Amino acid sequence: MSYQFEDLKKSCQDEWQAYIQHSFVQQLGNGSLAPEAFQHYLKQDYLFLIQFARAFALAAYKSPTLSDLRQAKEGLQAIVDVELDLHISYCKEWGISEQELADLPEARATLAYTRYVLDTGNRGDLLDLHVALSPCMVGYGEIANWLNSRAETIRGDSNPYDAWIKMYESDEFQEAMQAEIGWLNERLADVSPARFRELTRIFSDATRLEIDFWKMGLDQSD
């Protein structure tokens, strides 16, 4: 049997839908999300990006081929040299200074999610790590697409969170998402049913932790 990324999603369909269509996401799309909730999410997402960069550094270490190594290097470079700077600039627009970001403690949901990803990568192989990262790498692109499919979603200046949606609907992010799905499909095609069950557990755990991350933002919890 040949597996694909869609099979991972089908294996935990309820969790995936709860993540993609979370109340935080819905409120962000219709512009009703409390600004304080979005600011709390932005701050923790900055800390998440730092750990995400570490995960790509780990992916480089775990890479068995030159092409995998190059992919990991490009991902790490994109986060450190581009995404973090963009995130800092975006936070400034929301009244969050770079110093405030530097002084932030990690919320428990941030700790749980990021350390789970790193621990999974440390214990397992490169495929384990990519599967643990995929709810973020693929999910945010799917969230933007889902928001754009809803009649309730408000776009443009009437929605203070429109720039966030633009980020993940962009051609650059959508192409990166499809590249990640392609990478996963190529490797999943060769795994055994027993191995796929292991990967399913990782994917389910990471998706549930993404749900907790949204809830952390919505509740503004530490």
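This is a predicted model: local features need pLDDT of at least 70, side-chain atom pairs count only at pLDDT 80 or more; totals for chains, interfaces and linings use all residues.
**Exercise 1. Which loop does Asn159 lie in, between which helices?**

Residues are numbered from 1 along each chain as its sequence is written, and side-chain values use heavy atoms, with hydrogens and water left out.

Solution. Find helix H9 (139-149) and helix H10 (162-169); Asn159 sits in the loop between them. Helices here are DSSP runs of H or I, at least four residues, numbered from the N terminus.

**Exercise 2. Work out whether Asn159 is buried or exposed, and what its side chain reaches.**

Solution. 
- Step 1: Buried means under 20% relative accessible area and exposed over 50%, with partly exposed in between (1.4 Å probe, protein chains only). Asn159 has 3% relative accessibility, so it counts as buried.
- Step 2: Its side chain reaches the backbone nitrogen of Tyr161 at 2.8 Å.
- Step 3: A polar atom of that Asn159 side chain also lies 2.9 Å from the backbone oxygen of Gly29.
- Step 4: Leaving aside residues up to four places away in sequence, Asn159 touches (heavy atoms within 4.5 Å) several residues, including Leu28, Gly31 and Ile165.

**Exercise 3. Find out how many disulfides the structure holds.**

Solution. 
- Step 1: Look for cysteine sulfur pairs within 2.5 Å. The count is zero.
- Step 2: Check Cys12: its nearest cysteine sulfur, in Cys136, is 15 Å away.
- Step 3: Check Cys91: its closest cysteine sulfur, also in Cys136, is 15 Å off, so a bond is out of reach.
- Step 4: Cys91 is buried, at 0% relative accessible area.

Definitions and conventions. Helices (H or I, at least four residues) and strands (E, at least two) are DSSP runs, numbered from the N terminus. A polar contact is a pair of N or O atoms within 3.5 Å; within protein, one must be able to donate a hydrogen and the other to accept it, and residues adjacent in sequence count only if both atoms are side-chain atoms.
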